[in-house]
Amino acid sequence: MAQTKRAQILMAPEEYQRLEDIAQQQEVSVAELIRAAVRECYFVRAEDPKKLVASICNMNMPLDDWEVLESEIEETHGNGLS
C-alpha cells in the first residue's frame with residue numbers, strides 16, 4: 001500500500017451533515033467524497049492538451065472582429081501589442 005498522510009479539517013455540523021448525506025447517496029465514505037472533491041478541484045490533469053484546446057474551441061463563444069478585440073485589449077492593457 002502506498003504511504004499516506006493524514007489531514008484533519010473542522011467543519012460546521014450542518015456542513016458535515018450535508019457531506020454525510022451526499023456520501024450516503026453515492027455509497028462512499030465522507031473521506032472518499034472529500035478526496036474526490038480535492039482531486040477534481042486541485043489536481044486536474046491536462047493529459048491531452050489537444051482535448052482541452054478542442055473543448056475551448058467548441059464553446060462557440062461569439063467574438064467580435066479582430067480590430068474590435070485589439071482595440072478593447074489596448075484600452076484595457078495599454079498599447080503593448082507587437
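Here are a few notes on this predicted model.

1. Ground rules: this is a predicted model, where local features need pLDDT of at least 70, side-chain atom pairs count only at pLDDT 80 or more, and totals for chains, interfaces and linings use all residues. Residues are numbered from 1 along each chain as its sequence is written, and side-chain values use heavy atoms, with hydrogens and water left out.

2. On the overall fold, the protein has four helices and zero strands (DSSP runs, H or I of at least four residues for helices, E of at least two for strands, numbered from the N terminus). The pattern along the sequence is α-α-α-α.

3. Of the 82 residues, 5% count as buried (under 20% relative accessible area; exposed is over 50%, partly exposed in between, with a 1.4 Å probe and protein chains only).

4. Helix α4 covers residues 66-77. Its twelve residues should span 16 Å at 1.5 Å a residue, and the end C-alpha atoms are 16 Å apart, which agrees (the expected span is 1.5 Å times one less than the number of residues). Just after α4, G78 takes a positive phi of about 90°.

5. E67 sits in α4 and is exposed, at 56% relative accessible area.

6. M11 lies in the segment before α1 (13-26). M11 is partly exposed, with a relative accessible area of 31%.
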